[in-house]
Each structure stands twice: as structure tokens, then as C-alpha cells.
Amino acid sequence: KLSEAYRQLKETQDQLIHAEKLSLIGQLSSGIAHEVKNQLNMIAFAELIRDEHPNDANIQKYTAFILKAGNNIYNLVDEMRRYAKKEQPSYDMKPTSVVDVLEQLLHFIRFDRLLRKRRLLKEFGENVPMILLNEEKFGQVMINLVRNAAQATPDDDSGEIVVRVTAQPEAAQIDVQDNGCGIPAALLEKIWEPFFSTKGEEGTGLGLDICKRIVEEHHGSLTCRSQVNVGSTFTILLPL
């Protein structure tokens, strides 16, 4: 009886600590979102530069990247705020070519300093049907998975990340595969838990939990298989 009472007490304590952490993150995220929005107003100068040089292809391309990055930053902070407050998200989704979205996204993410020394490969199958997507939220998931893969791989040309798209009978499958350090089997289920991180002080332990929630709001699934010293593969299945 004492052991059962202790177990229940420990569970209650863990739940209270978890709720307190979420409450704190919600408060911080709301404040950060406000400050981030103020700072991102400066990115509007990129629009002025873009409009002043309509015939310069490079300026058009790079200002588009800057504006997209600013939008991604704000959406990320706002997603954390909604997550912490347990708000039910409502994503606008439309029929989209996942291959086209990934082509643009991988071109954009190559500018990330983490990806500069890694080989980022793409394997896109043919005849992948359209799926219902919120492009911004899907992009947030993919950036998180690719950056995680980069952090798990060697910081040199031997680090390899493959983004693969294949058509399944009732779903589009997106794999992010790396040849990194891998995840021990004992920790494989824990990676989805809030506040659990294998990155030490560099990680918040919220990224994968938020990614999983976004994918499930798309009526899909996010899973992982991994082997220590071989690498990891994160797999997204999204219904056609």
C-alpha cells in the first residue's frame, strides 16, 4: 500500500511539474512572440529592396528567403505558445504537391550553417499524388527534422542526410534519414515526451513533440527507427 501511494504521489508530482513548465513556457512564449513581432517589423525593409529591384533575379530570390525566414520565426514562437496553452490548432490546408514544397524548402535550408558541411540529398519518387497540407506548418516540421539530423551527424563531408518521398497506396511517405550517432533503443520512445532531449543544454525537448502534434493534425503519423552508430530515420505518413 505504501509503494502504491508513493507511486501515485510521484505521478501527481510529475504532472504538476509538467503543468508548471507548460505554464511558464506559455507565459514566456507570449512575451517573446510580442518582442519577436516587433523586431521582425525591420524585415519589412526586405520588401522595399525587393520592390526597388524587380528585374534583379538574385535580389528577388534572397529577399524572398529573408521574408520566409522571418515568417517562420514568428510562426515557430506562436506554435510554442499554442502548445503550452493547449490550444487546439486550426490549420488552413489545401491540396499541395509535397515534392514541390520540399524542393523549395531544401533549397532554402541549405543556407543554414548546420547544413553547410553535410551532404543533403533528395530522393523524390515519381507520381506522388497531391496531399492536403498547411505548407508553413509542414515546413516547420521538416526544418526541425533536417536540423536534428544535422546535429546528429559528423560536422564534415561524411555527414549525410537523405530526404526521400515515396507514394504508398493511401499515403505519401516522407523519410528524413541520417548516418549519425543514432538513438539507444531504451530512449526511442522517450524522444516524443515533452521536455525530454538527447541534446543536453542545447535542446528544449519540445521540438519532436510539437512536430508530432502538427503531423497528427494533418491526420498523419510521425515515427522513428534508429540504430546506435548507424543512424536514424524519421518517417512521416500523410494521407492522400
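Is Phe234 buried or exposed? In this predicted model, Phe234 has a relative accessibility of 9% and therefore counts as buried, the cut-off being under 20%.

Phe234 also belongs to the largest nonpolar core, which comprises 45 residues. Together with Val98, Leu102, Phe138, Met142, Ile174 and Ile236, Phe234 is among the members that touch the most other members of this core. For Met142, the contacts beyond four places in sequence are with Leu102, Leu105, Val163, Ile174, Val176 and Ile236. In soluble globular proteins, nonpolar side chains tend to be buried together.

Two aromatic pairs are present in the structure. One of them joins Tyr62 and Phe111 in an edge-to-face arrangement, with 6.2 Å from centre to centre and 85° between the planes. Because Tyr62 is located in helix α3 (residues 57–84) and Phe111 in the loop between α4 (98–109) and β2 (119–124), this pair ties together parts 49 residues apart in sequence. Tyr62 is partly exposed at 38% relative accessibility, and Phe111 is likewise partly exposed, at 43%.

Trp192 and Phe234 form an aromatic pair whose ring centres are 6.0 Å apart; the planes lie at 80°, so this pair is edge-to-face. Trp192 is in the loop between β5 (171–178) and α6 (207–217), whereas Phe234 is in strand β7 (residues 231–239), so the pair links parts separated by 42 residues in sequence. Trp192 is buried, with a relative accessible area of 11%, and Phe234 is buried at 9%. The ring of Trp192 additionally has the charged end of Lys212 sitting over it, at 4.5 Å from the ring centre.

Technical notes:
Residues are numbered from 1 along each chain as its sequence is written. This is a predicted model: local features need pLDDT of at least 70, side-chain atom pairs count only at pLDDT 80 or more; totals for chains, interfaces and linings use all residues. Side-chain values use heavy atoms; hydrogens and water are left out. A nonpolar core is a set of buried Ala, Val, Leu, Ile, Met, Phe, Trp, Tyr and Cys residues joined through side-chain atoms within 4.5 Å. Buried means under 20% relative accessible area, exposed over 50%, partly exposed in between (1.4 Å probe, protein chains only). Contact means heavy atoms within 4.5 Å. Rings of Phe, Tyr and Trp (its six-membered ring) pair if their centres lie within 6.5 Å; planes under 30 degrees apart count as stacked, over 60 as edge-to-face and the rest as tilted. Helices (H or I, at least four residues) and strands (E, at least two) are DSSP runs, numbered from the N terminus. A charge sits over a ring if NZ of Lys or CZ of Arg is within 6 Å of the ring centre and within 35 degrees of the ring normal.
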